[in-house]
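Q: I would like to go through this model with you, part by part. Could we start with the way one of the chains is divided?

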Amino acid sequence: MDQFIQQMVNGISLGSIYALIALGYTMVYGIIKLINFAHGDVYMIGAYIGFAATTYAQLGFFPALIISMASCAVLGMVIERVAYKPLRASTRIAVLITAIGMSLLLEYVMMFFVGAEVRSYPKLLSSETFHLGNVVINMQQIYIVATAIALMILLQFIVHKTKTGKAMRAVSIDQDAAQLMGIKVDNTISFTFAVGSAFAGAAGVLVGIYYNSIDPLMGIMPGLKAFIAAVFGGIGNIPGAMIGGVTIGIMETLVSGYGNSMYRDAVVFAFLIIILILKPSGLLGKNIREKV
Amino acid sequence: MNKKRALFLFLTVILVMGLFAGCGGDSDNGGNGGGEAPTEVKIGINYELSGEVATYGQACKDGILMAFDEINAAGGVNGMQIVPVVVDNKSESAEATSLATKLMTQEDVVACLGPATSGNFMATIPVAMQNSIPVISASATADKGVTTDASGNVNEYVFRLCFNDSFQGVTMASFAKNNLNATKAVIIQDKSSDYGQGLADNFTATFEAAGGTIVAHEGYVAKDKDFNSILTSIKAKDFDVIFVPGYYQEAGLIIKQARDLGIDAPILGADGFDSPVLLELAGEEALNDVYFSNHYSSLDEDPLVLEFIDGFKAKYNSDPNAFHALGYDLGKFIADAIERAGAVDPEAVKDALASTKGFVGVTGSFDMGEDHNPIKAAVVIGLENGAQASSVKVDPQ
């Protein structure tokens, strides 16, 4: 039983990170129907910005987190303006391919500047551990889960209680109608990218601190897993992304804890295929008929 | 039409000029190669000076050049100065192959040193066999495909200066059994490399033959970051040691996460642990009771080692690691073989390399075995608070 609870603790910390990344996928998809494959790489760059802030500027956890989130927000907006906006009238496949190109560009530009070797964060949070019976919870896990929950509450507030949030929801339902109602569609899309990227940046810093190892290709796997989380929760659906992220995290942990660690990724990707066959709209997604 | 013709003419002129320029370069190179009494001997240095495994390549190259400088300062080999021809293969095996070809066919080298990693070194083997020029690596530890080909025949022109992976697996198993009195071991293996597989197989065979049992055998792939679930499940088991056949990037994280979860058992590994990054990833507090096999220990009190460490510090202003030491030995080793060969002839150098007896180096003394692997001892290094605190020599059986 202790072991099971311990695995749950591990799974929830891992899942919170997936959830933070999945939110960006799902928000962007919700608003412009684009699967932004460069999102995992924004997360990687967030980790490097946090690394620079803590190592060279010697800042603490919260300043580093905020700097990384702010820089990623700007990066997200720039990516949207440079790569996706000019293609808004093109086919969706063209934008999707651009997103993949953007992802590779970010990875290898970073590799050019920072090198391919792994780097480690300085020690920012105490590695103090709490023992509940035989279950060990460390301070970093608490920070990860707490930061993730705080950011998700903030997001719910933005989306449901602010004017910008209302605009986001309006654009996601019908872009043209929103524009006719006087909503600045371009600004709203930019804002969505900014928020999603900021969350990815936060996830990057948390991972840097928790696992203490970052490299230019670190965004690929978590990016794909977060994508699965978003699909599982129902892509375009914000609470769905949170539930999806935590579910994928727990699933991975249970597979490698009780099954065979080599099957972990295979199980997660098989899960994606099963969802797409059985319930393509995801757990919380609605079945909307395409207008012809 | 006229425009097209003009363009065609222009391109032809450029092409012809290019050909002439090429010829000029070639004849120059040829001129350098000739001469009656050689006053210098060229040795190719084909290393990973940039890219993924640049730390290994740079370290080997620094060690080799240090050895060459010492030899040249003392009058050279048989009166000839050693001229290193240094090239960077960017940690890519295709590049390693083409640079080896260039060194052997255009630079007239008598032997090529490097690359550092097994994969890149193997890429130069066909070139060496074709041109009948020896290649030697100080650090390619792969079991298969290096000094012997797929059917087990010895590659005549291929040598190495280090023990292989299976020997490290055997060493760590006997160390666990004899020095740590372990009877139950857990293996957490890098399943994505031959290195991890070779180590795990040999550890298991030796440990079980000595009466031990492998309680659990878990796997991971390179670039994994989360090992908590694996570690949580083995924590519930009864075991004495954890063996981690893999590289420092993941081993550092495994050690950190294991210690965070309260697993205090000794953690063992092989030369893949030897990097300053291990300390950065795992942190000082976690690196206690960690042991790994290596080629050399800076704690060694052999006068030869002490002299090397002092010389290295004076030259490069930093502490040498195992790759520096291996590179240094490699430089001395090839010079020794050329001296014994008595001629600047790849064939004679190859025979001299193969018949090496009692070579004394910083990483241990050895005879060259019949399969072109040296017969030498390994060192097991123990870490305490992240620093090397103990070293035990384990001789080959």
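Q: Which domains does the assignment give for chain B?
A: This is a predicted model. The domain assignment of chain B gives domain 1, made of 40-163 + 301-365, and domain 2, made of 166-294 + 380-394.

Q: How far apart are the C-alpha centres of domain 1 and domain 2 of chain B?
A: The two centres lie 30 Å apart.

Q: And how many residues of domain 1 of chain B are in contact with domain 2 of chain B?
A: Seven residues of domain 1 of chain B are in contact with nine residues of domain 2 of chain B. On the domain 1 side, the residues divide into three nonpolar, three polar and one charged.

Q: Let us turn to the sheets. What is the strand order in the open sheet of five strands in chain B?
A: The order is β2-β1-β3-β4-β5, and the pairing is parallel. At the edges are β2 (81-88) and β5 (158-160) of chain B, each of which pairs on one side only. Direction ignored, neighbouring strands of this sheet are turned by 25 degrees against each other on average.

Q: How many bridges join β1 to β2 of chain B?
A: Strand β1(B), residues 40-47, is joined to β2(B) by eight bridges, and the two run parallel. Within this pairing, B:Lys42 has B:Val83 of β2(B) as its bridge partner.

Q: Which strands does helix α3 of chain B lie across?
A: Helix α3(B), residues 93-106, lies across β1, β2 and β3 (111-113) of chain B. The helix runs at about 175 degrees to β1(B).

Q: What about the peptide bond from B:Gly114 to B:Pro115?
A: That bond is cis, with omega near -5 degrees. B:Pro115 is found in the loop between β3 and α4 (118-131) of chain B.

Q: Now the open sheet of seven strands in chain B: what is its order?
A: The strands are ordered β7-β6-β8-β9-β10-β13-β14, with mixed pairing. β7 and β14 of chain B have a single partner strand each, so one side of each is left without a neighbour in the sheet. Neighbouring strands here are turned by 20 degrees against each other on average, direction ignored.

Q: Which helix packs on that sheet, touching β6, β7 and β8 of chain B?
A: Helix α6(B), residues 194-209, packs there, touching β6 (184-190), β7 and β8 (241-243) of chain B. The direction of α6(B) makes about 165 degrees with that of β6(B).

Q: In what sense do β10 and β13 of chain B pair?
A: Strand β10(B), residues 290-294, pairs with β13(B) in the antiparallel sense over five bridges. B:Val290 stands opposite B:Leu383 in β13(B).

Q: And how many bridges join β13 to β14 of chain B?
A: Seven bridges join β13(B), residues 378-384, to β14(B), residues 387-394, and these strands run antiparallel. The bridge partner of B:Gly382 in β14(B) is B:Ser390. The hairpin has two residues between the strands, and B:Asn385 takes a positive phi near 50 degrees in it.

Q: Back to the loops. Is B:Asn317 buried or exposed?
A: B:Asn317 counts as exposed, with 7 C-beta neighbours inside 10 Å. This residue is found in the loop between α10 (303-316) and α11 of chain B, and its phi is near 60 degrees, a positive value in a residue other than glycine.

Q: Which residues of helix α12 of chain B are buried?
A: In α12(B), residues 346-354, they are B:Pro346, B:Val349, B:Lys350, B:Ala352 and B:Leu353. They cover an arc of only 165 degrees around the axis, which puts them on the same side of α12(B). These buried residues pack against β3, β5, α11 (322-341) and β11 (367-368) of chain B.

Q: Last topic, the two chains. How many residues of chain B are in contact with chain A?
A: There are 24 residues of chain B in contact with 22 residues of chain A. On the chain B side, β7 (213-220), α7 (228-235), α8 (248-260) and α9 (276-282) each supply at least two residues. α7(B) gives the most, with five residues. By class, this side has seven nonpolar, nine polar and eight charged residues.

Key: Residues are numbered from 1 along each chain as its sequence is written. Chains are lettered from A and ligands numbered from 1 in the order in which they are written. This is a predicted model: local features need pLDDT of at least 70, side-chain atom pairs count only at pLDDT 80 or more; totals for chains, interfaces and linings use all residues. Two residues are in contact if their C-beta atoms, placed from the backbone, lie within 7 Å. Helices (H or I, at least four residues) and strands (E, at least two) are DSSP runs, numbered from the N terminus. Ala, Val, Leu, Ile, Met, Phe, Trp, Tyr, Cys and Pro count as nonpolar, Asp, Glu, Lys and Arg as charged, and the others, Gly among them, as polar. Domain bounds come from an automatic or database domain assignment. Two strands pair if DSSP finds at least two bridges between them. Axes are lines fitted to C-alpha atoms, for helices over the stretch in contact, and angles run from 0 to 180 degrees between N-to-C directions. A residue is buried if 20 or more other C-beta atoms lie within 10 Å of its own, exposed if 12 or fewer, and partly exposed in between; C-beta atoms are placed from the backbone. The arc is that of the directions from the helix axis to the C-beta atoms.
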